[in-house]
Amino acid sequence: MTDALATPALDTTSNQKFSDLKTALDRRGLERLDLLLLTVEALDLNGGEAMVWATQQLGFTDLFPNRVELWKRRCTNPLRRSTRRTALTSAETEALIRILCAMADRLYPMLHQLLSSREPAALTEQRWALVGQRLRDLVAERMNLRRGSVQKLLQDEQGASIQRQLVFTLALAAGPGGVDRLRASLEDPTP
Amino acid sequence: MLKLSYRYDQTAARLKVEGLPDISADHGDGVIGILSTWTLQFVGSPELEGKREHLEAMLATVLPYARFRLSGVSRRCGDDASPVSLAPAEDGRHQLELRSSQPGVEPLSISLDDAELCDLVRCLDAMRLDQRVQIAWPLSTDRPLARRELAERVPLVNRLAPSVLGGGAFLLVAGLVSLLPLPEVKTPKSTSASTEQPAEQPAERPAQSAPTEPATPQAE
């Protein structure tokens, strides 16, 4: 059972071995992956530090030895203000997915609170407003504001719908089985 | 042999499975190889229970539904004949329907919100990936969706716009081209008349030349 007081045990159970995977994401998959990592930072003020910690705990320090390397890999997102053209290797992609799922598992109580209809409506609204504002600030700081999809995130109505889908995605990606599910979803073709 | 029981809790959902080791499969003492019964409890909902086939149906319905929702596709999983079906509701919730195999029992319908659905998915994942529960569940691995499965995620206007615009552009160009005057085409009749006239003239010339011959003068 998820216990907010206990030290979170990172769970990235997957049916497939790390070395056997050939995870390759297209442009849209990279955008979604970085946006989900950004959502984690919006949910947790210490999200950046937690990501570095998760990298160490999961044994990915050979791929991302420090926070700068982790940041460089995230900048392969084409929507970023400063994009790096170096493509992610399949090992780096898989590592980022597992780090994301570990972070989602750690934040699951908060995700549950946001998605639950049993919480007081006023309190839920305040929580969403806080998360939404943090996410918009991060998007405005790091993303290319001339892109249409970035502008959608910053709009009130469309942005709220996208934010809910992001939180729902993180909740479904948390826990055992979440890694395989999220990986398959990120590999979806562009419709 | 003591019956084994394992419980999987997740905030608003609790899944409990009971069973026995399968000796023929060399399972250890702490491994459930034969599932005898299971129960599922949601906060504020009646407790559900069933046999292995019902849990199999639950896994075969809930996990694909979650997979589709993760990709932004709202699609019903499980039909009216299935023991379990899960469909999106109009208010954004998820309608879980369970049909008993016993005759005369009305289907049970439970409305889940997003959080409860995630709890259920986590409980099912924890159970199926638990090394202590060695049951061969007939599940397919998570895979990327096909484009046609993702099509419903795109608004209808965006899907139809390219076809409508392309067809309209074609009709417009065809209409404009049809207004252009057709080029003149020379008919075959005029060309055959011009070839016959030179043949007639040589025949007329001898008739015309006869009167022009001077008459021979007669001697007085």
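This is a predicted model: local features need pLDDT of at least 70, side-chain atom pairs count only at pLDDT 80 or more; totals for chains, interfaces and linings use all residues.
## Helix H8 of chain A

Helix H8 of chain A covers residues 157-173, which makes 17 residues, and its span from first C-alpha to last is 25 Å, close to the 24 Å expected at 1.5 Å a residue. Buried residues of H8(A) include Leu166(A), Val167(A), Phe168(A) and Thr169(A), together with Leu170(A), Ala171(A), Leu172(A) and Ala173(A).

Within chain A, the buried residues of H8(A) pack against helices H1 (27-43), H4 (90-106), H5 (108-115) and H9 (178-186), and they also pack against helices H1 (52-70) and H2 (114-128) of chain B. After the helix comes Gly175(A), which has a positive phi, near 80 degrees.

## Where chain B touches chain A

In the contact between the two chains, 28 residues of chain B meet 25 residues of chain A. On the chain B side, the elements that give two or more residues are strand E1 (4-10), H1, H2 and helix H3 (147-150), and H2(B) gives the most, with seven residues. The residues on this side of chain B divide into 12 nonpolar, five polar and 11 charged.

## A loop residue of chain B

Most residues other than glycine have a negative phi. Thr11(B), although not a glycine, has a positive phi of about 50 degrees, and it is found in the loop between E1 and strand E2 (13-20) of chain B.

Is Thr11(B) buried, exposed or partly exposed? Thr11(B) has 19 other C-beta atoms within 10 Å, and because a residue counts as buried at 20 or more and as exposed at 12 or fewer, Thr11(B) is partly exposed.

Note on methods
Residues are numbered from 1 along each chain as its sequence is written. Chains are lettered from A and ligands numbered from 1 in the order in which they are written. Helices (H or I, at least four residues) and strands (E, at least two) are DSSP runs, numbered from the N terminus. The expected span of a helix is 1.5 Å times one less than its number of residues. Two residues are in contact if their C-beta atoms, placed from the backbone, lie within 7 Å. Ala, Val, Leu, Ile, Met, Phe, Trp, Tyr, Cys and Pro count as nonpolar, Asp, Glu, Lys and Arg as charged, and the others, Gly among them, as polar.
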